[in-house]
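Open the model in your viewer and keep the selection tool at hand.

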Amino acid sequence: MDQRFFVFGCLAAALGVALGAFGAHALRDRLGPQMIAIFETGVRYQLIHALALLAVGIVRAGRPESAALAASGWLFVAGIVLFSGSLYLLTLTGPRWLGAATPVGGVSFILGWVFLALGVMRSGQ
């Protein structure tokens with residue numbers, strides 16, 4: 001198992017649950033419905049990709065030399081930071097320019113899934 005990605009996945013999941021609770025309890029009365037929905041989107045994508053990082057960590061156990069799998073893990077990490085992180089900052093601080101990082105994070109997620117598939121296909125298993 002690749003402990004780095006597995007640990008990153010665990011930490012991202014724990015943080016995602018904490019942020020989800022924060023959004024549901026502390027932000028409900030402070031933000032409008034549209035901003036809450038944006039915050040929840042960040043949490044949802046973070047949690048989904050935390051699970052993806054767990055998968056990368058497990059899959060890399062049998063393929064530790066796979067550059068595609070390593071790229072997949074780092075792309076998921078980048079996606080969480082850029083996509084979810086920009087949505088959190090956008091809702092909590094307000095500057096609209098932060099939204100420019102969101103599509104870059106989305107592309108990171110997409111590429112992460114592509115590289116995960118390539119890493120598994122290349123191994124022949």
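The model is predicted, so local features need pLDDT of at least 70 and side-chain atom pairs count only at pLDDT 80 or more, while totals for chains, interfaces and linings use all residues. Residues are numbered from 1 along each chain as its sequence is written, and side-chain values use heavy atoms, with hydrogens and water left out.

**Whole chain**

Colour by secondary structure. The protein has 4 helices and 0 strands, and its elements run α-α-α-α from the N terminus on. Helices (H or I, at least four residues) and strands (E, at least two) are DSSP runs, numbered from the N terminus. Along the principal axes, the C-alpha atoms fill a box of roughly 50 × 25 × 15 Å. Of the 125 residues, 43% count as buried; buried means under 20% relative accessible area, exposed over 50%, and partly exposed in between, with a 1.4 Å probe and protein chains only.

**Helix α1 against helix α3**

Select residues 3–25 for α1 and residues 67–93 for α3. Two packed helices are described by the angle between their axes and the distance between the axes. Here the axes come within 11 Å and cross at roughly 20°, which makes α1 roughly parallel to α3. Axes are lines fitted to C-alpha atoms, for helices over the stretch in contact, and angles run from 0 to 180 degrees between N-to-C directions. Angles under 35 degrees count as roughly parallel, over 145 as roughly antiparallel, 65 to 115 as roughly perpendicular and the rest as oblique.

α1 passes α3 in a left-handed crossing; a crossing is left-handed if the near helix is turned anticlockwise from the far one by less than a right angle, and right-handed if clockwise. To see the contact, show side chains for Arg4, Phe5, Phe8, Ala12, Leu19 and Phe22 of α1, and for Ala70, Gly73, Trp74, Val77, Ile80, Tyr88 and Leu92 of α3. By class, this contact of α1 with α3 has 11 nonpolar, 1 polar and 1 charged residues. Ala, Val, Leu, Ile, Met, Phe, Trp, Tyr, Cys and Pro count as nonpolar, Asp, Glu, Lys and Arg as charged, and the others, Gly among them, as polar.

α2 passes α3 in a left-handed crossing. The residues of this contact divide into 19 nonpolar, 8 polar and no charged.

α3 passes α4 in a left-handed crossing. The contact of α3 with α4 has 19 nonpolar, 9 polar and 1 charged residues.

**The core**

Which residues touch the most other members of the largest nonpolar core? Select Phe39, Leu53 and Phe76, out of 24 residues in that core. A nonpolar core is a set of buried Ala, Val, Leu, Ile, Met, Phe, Trp, Tyr and Cys residues joined through side-chain atoms within 4.5 Å. The elements that give two or more residues to this core are α1, α2 (33–59), α3 and α4 (101–123). α2 gives the most, with 9 residues.

Centre on Phe76. Leaving aside its neighbours within four places in sequence, Phe76 is in contact with His49, Ala52, Leu53, Val56, Phe109, Gly112, Trp113 and Leu116.

Is Ser86 buried or exposed? Ser86, found in helix α3, is buried, with a relative accessible area of 4%. Not counting residues up to four places away in sequence, Ser86 touches Val81, Leu98, Ala101 and Thr102. A C-alpha distance from Ser86 to Pro103, 17 residues apart along the chain, gives 9.7 Å.

Leu89 is also found in helix α3 but is partly exposed, with a relative accessible area of 43%. Beyond its neighbours within four places in sequence, Leu89 is in contact with Gly94 and Leu98. The C-alpha atoms of Leu89 and Phe39, 50 residues apart along the chain, are separated by 8.9 Å.

Finish at Arg63, in the loop between α2 and α3. Arg63 is buried, with a relative accessible area of 11%. The C-alpha atoms of Arg63 and Arg30, 33 residues apart along the chain, are separated by 47 Å.

Note on methods. Contact = heavy atoms within 4.5 Å.
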